[in-house]
Protein chains: 2
Amino acid sequence: MPELRKDPVTGRWVIIATERAMRPTDFIREHVVVQGGRLCPFCPGQEQKTPPEILAYRDSGGPNEPGWRVRVVPNKFPALRVEGELNRQGEGLYDKMNGVGAHEVIIETPDHQRTFGDLTEKQVEEVLWAFRDRILDLRKDIRLRYILIFKNHGEAAGASLEHTHSQLIALPVVPKRVQEEIEGARKYYEFKERCIFCDIVRQEMESGPRVILESDHHLALSPYAARFPFETWIVPKRHHSHFEAAEAPAIQNLAWVLRVVIRKMDKVLERPAYNLMLHTAPVQEGAMTHYHWHLELIPRLTRVAGFEWGAGFYINPTPPEIAASFLREAGLV
Amino acid sequence: MPELRKDPVTGRWVIIATERAMRPTDFIREHVVVQGGRLCPFCPGQEQKTPPEILAYRDSGGPNEPGWRVRVVPNKFPALRVEGELNRQGEGLYDKMNGVGAHEVIIETPDHQRTFGDLTEKQVEEVLWAFRDRILDLRKDIRLRYILIFKNHGEAAGASLEHTHSQLIALPVVPKRVQEEIEGARKYYEFKERCIFCDIVRQEMESGPRVILESDHHLALSPYAARFPFETWIVPKRHHSHFEAAEAPAIQNLAWVLRVVIRKMDKVLERPAYNLMLHTAPVQEGAMTHYHWHLELIPRLTRVAGFEWGAGFYINPTPPEIAASFLREAGLV
């Protein structure tokens with residue numbers, strides 16, 4: 001019998017196919033292979049092909065010269081613009097405002113040939129520091145209410161440039177899915193006076209079948225009501241609502257966990273396309289007792305069809321317990 | 001300056017790229033071409049390859065024989081099963097129930113070579129009657145709270161079989177996206193004492209730039225805060241919460257409008273893959289003053305990336321006013 005499971009945070013029901021569960025080899029997949037890039041605008045020596053850099057961690061060279069390890073630049077075709085007033089206004093029953101915000105690209109390594117999973121632990125850590133540094137800078141602009149950080153790896157996941165990079169979009173509104181998560185967590189807190197993510201971490205560590213990896217600071221797990229096969233969350237074990245409040249030991253530990261999880265994914269699913277997404281609290285809010293930042297990692301193994309778009313209703317052909325056991329047993333720790 | 005627009009029903013903000021708007025020729029597209037199917041389980045003469053039919057409109061023949069015009073069968077690999085108890089239960093802080101429900105396939109024509117847009121108006125009408133007949137039958141089972149009807153056309157839209165068909169999934173829960181829409185509409189009604197969809201129809205007919213087509217009973221429009229390029233809604237002009245309450249003149253008129261809109265889409269976007277989705281009220285509820293059924297049609301022109309999944313936040317590169325003008329001016333009315 002298939003099972004309907006409810007995501008405890010958002011209340012979304014998901015169908016989990018418990019019979020004929022799909023295993024890694026059942027998915028028709030795009031393996032992400034680096035083709036190599038002449039004229040890649042993210043490669044060292046091509047710095048003039050991007051807008052001037054906002055941030056760089058360097059071994060040598062001046063701004064917009066080679067010698068960087070991680071480099072952050074504005075998106076050349078930004079979805080939002082930093083200049084201008086929000087100018088909120090109505091249009092009959094509709095509401096609109098100017099697209100004020102920021103859209104940046106975090107170039108994760110000068111080496112075009114490496115994917116994110118090929119980076120060293122130190123390199124992953126520097127990418128995480130770049131995320132933190134950019135959030136701390138952008139949040140000074142009080143028009144900006146939410147900062148989305150995400151990574152599209154491979155064409156099937158929406159990546160248009162091959163050279164490994166993440167993106168940041170700073171918005172004057174809180175996105176709906178984030179708002180729902182915060183709202184769901186708030187309702188749980190009101191009812192239980194406990195953070196739901198803290199409760200999830202506790203229950204998952206006790207029960208075990210959905211745990212992929214546990215470290216000093218983090219738990220990597222397959223969520224109970226996963227929408228997608230091999231969907232994975234990385235959740236800090238201690239309560240923090242804002243990613244940017246994380247301190248050096250936690251960031252270092254996250255780099256280790258994230259790298260291991262990506263490498264496990266690369267091994268079990270043979271270098272799949274994936275999306276990685278940081279869920280964190282709105283930047284202008286103080287510390288929240290009810291919300292808890294985390295990373296969500298979704299390999300792109302299946303096509304999303306009409307009712308998933310139309311209804312926000314998902315069928316997951318791989319029970320999270322099976323996904324977790326494959327990833328857990330892949331080694332690489 | 002890009003524009004942020006808010007969907008008035010759900011409250012979701014969308015970025016509309018107003019500069020460098022993408023036009024039909026800018027999209028890299030998969031054109032859906034029928035390859036032809038030997039051994040297609042949906043073709044006449046192959047009736048024994050599907051589970052026994054639930055409903056058929058026929059010119060000749062007995063059940064599970066050729067001679068049908070529209071045929072409804074259970075999905076051979078159903079996501080849910082009709083038999084069994086819901087058996088709602090907890091698992092620590094989680095909630096689950098058995099996957100009780102129905103999963104059916106509506107085979108829209110015996111002719112493998114025709115796409116949905118190639119059907120006659122009469123054929124489209126019969127497909128709509130089949131939707132209605134199946135809802136009226138399934139809603140007698142009071143365990144079933146919501147009936148999703150959708151169509152995936154083309155591989156990029158998630159179709160796995162080429163022979164044109166729709167699907168129906170009957171669920172013991174109301175999907176989250178639907179619940180949100182109903183909830184948003186209810187809040188508007190509480191505030192205004194008017195149905196928001198009725199207000200949208202009125203405002204769109206008055207203002208005009210997002211109207212694609214108006215008929216006696218329906219309005220086809222590009223929604224103000226469209227998530228996707230060329231996203232199109234077909235909304236009844238008179239208030240009805242439940243699709244299955246539609247009467248013959250409305251169904252006939254809907255067949256005409258839907259066929260014209262699909263043919264316009266096929267012309268302007270060169271036979272794109274698309275998803276079509278019926279949004280209607282939960283079947284066990286009485287008529288609702290605040291909710292209004294409608295169809296949503298989304299051509300699959302762009303890849304969906306990390307922040308769209310992760311945050312439910314969309315960037316639409318084609319302003320709905322431009323999409324509507326292309327579709328409006330494509331003729332075929």
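Hi everyone. Before we look, please keep in mind that this is a predicted model.

Let's begin with chain A. Its secondary structure comes to six helices and 15 strands. The radius of gyration is 20 Å, close to the 20 Å that the globule rule gives for 333 residues, so chain A is as compact as a globular protein of that length. If you follow the C-alpha trace along its principal axes, it spans about 60 × 50 × 40 Å. Of the 333 residues in chain A, 52% are buried. Now take the contacts in chain A between residues at least 6 apart in sequence: 70% of them join residues at least 24 apart.

Next, let's move over to chain B and find its sheet. In which order do the ten strands of this open sheet come? They run β3-β4-β7-β9-β8-β13-β14-β12-β11-β10 in chain B, with antiparallel pairing. At the edges stand β3 (55-58) and β10 of chain B; each has a single partner strand, so one side of each is left without a neighbour in the sheet. On average, neighbouring strands of this sheet are turned by 15° against each other, direction ignored. Helix α1 of chain B, residues 121-138, packs on the sheet and touches β3, β4, β7, β8, β9 and β13 of chain B. The direction of this helix makes about 35° with that of β4(B).

Now zoom in on one strand, β14 of chain B, residues 294-299. Is β14(B) buried or exposed? Six of its six residues are buried, so the strand is largely enclosed by the rest of the structure. You can check this face by face: on one side sit His294(B), Glu296(B) and Ile298(B), on the other Leu295(B), Leu297(B) and Pro299(B), and all are buried.

Who are the partners of β14(B)? One is β13(B), residues 274-279, joined to β14(B) antiparallel by six bridges; here Leu278(B) stands opposite Leu295(B). Another is β12(B), residues 232-236, also antiparallel, with three bridges to β14(B); in this pair Thr232(B) faces Leu297(B).

One more helix in chain B is worth a look: α6, residues 320-328. Its buried residues are Pro320(B), Ile322(B), Ala323(B), Ala324(B), Leu327(B) and Arg328(B). What covers them includes β10 (211-214), β11 (218-221) and α4 (248-268) of chain B.

Finally, how do the two chains fit together? Chain B can be laid on chain A with an RMSD of 0.0 Å by a turn of 180° and a shift of 0.0 Å along the axis. The two copies are thus related as by a two-fold rotation axis. Where they meet, 57 residues of chain B are in contact with 56 residues of chain A. On the chain B side, those residues divide into 30 nonpolar, 14 polar and 13 charged. Of the interface residues of chain B, 98% are also interface residues in chain A, so the copies meet through the same surface.

To find the spot on your screen, look for Asp95(A), which stands opposite Lys6(B).

Notes:
Residues numbered from 1 in each chain as written. Chains lettered and ligands numbered in written order. Predicted model: local features only at pLDDT ≥ 70, side-chain atom pairs only at ≥ 80, totals over all residues. Buried ≥ 20, exposed ≤ 12 C-beta atoms within 10 Å, placed from the backbone. Helix = DSSP H or I, 4+ residues; strand = E, 2+ residues; numbered from the N terminus. Pairing = 2+ DSSP bridges. Contact = placed C-beta atoms within 7 Å. Nonpolar A, V, L, I, M, F, W, Y, C, P; charged D, E, K, R; others polar. Axes fitted to C-alpha atoms, helices over the stretch in contact; angles between N-to-C directions. Least-squares fit on C-alpha atoms with pLDDT ≥ 70 in both. Rg over C-alpha atoms; globule rule 2.2 N^0.38 Å.
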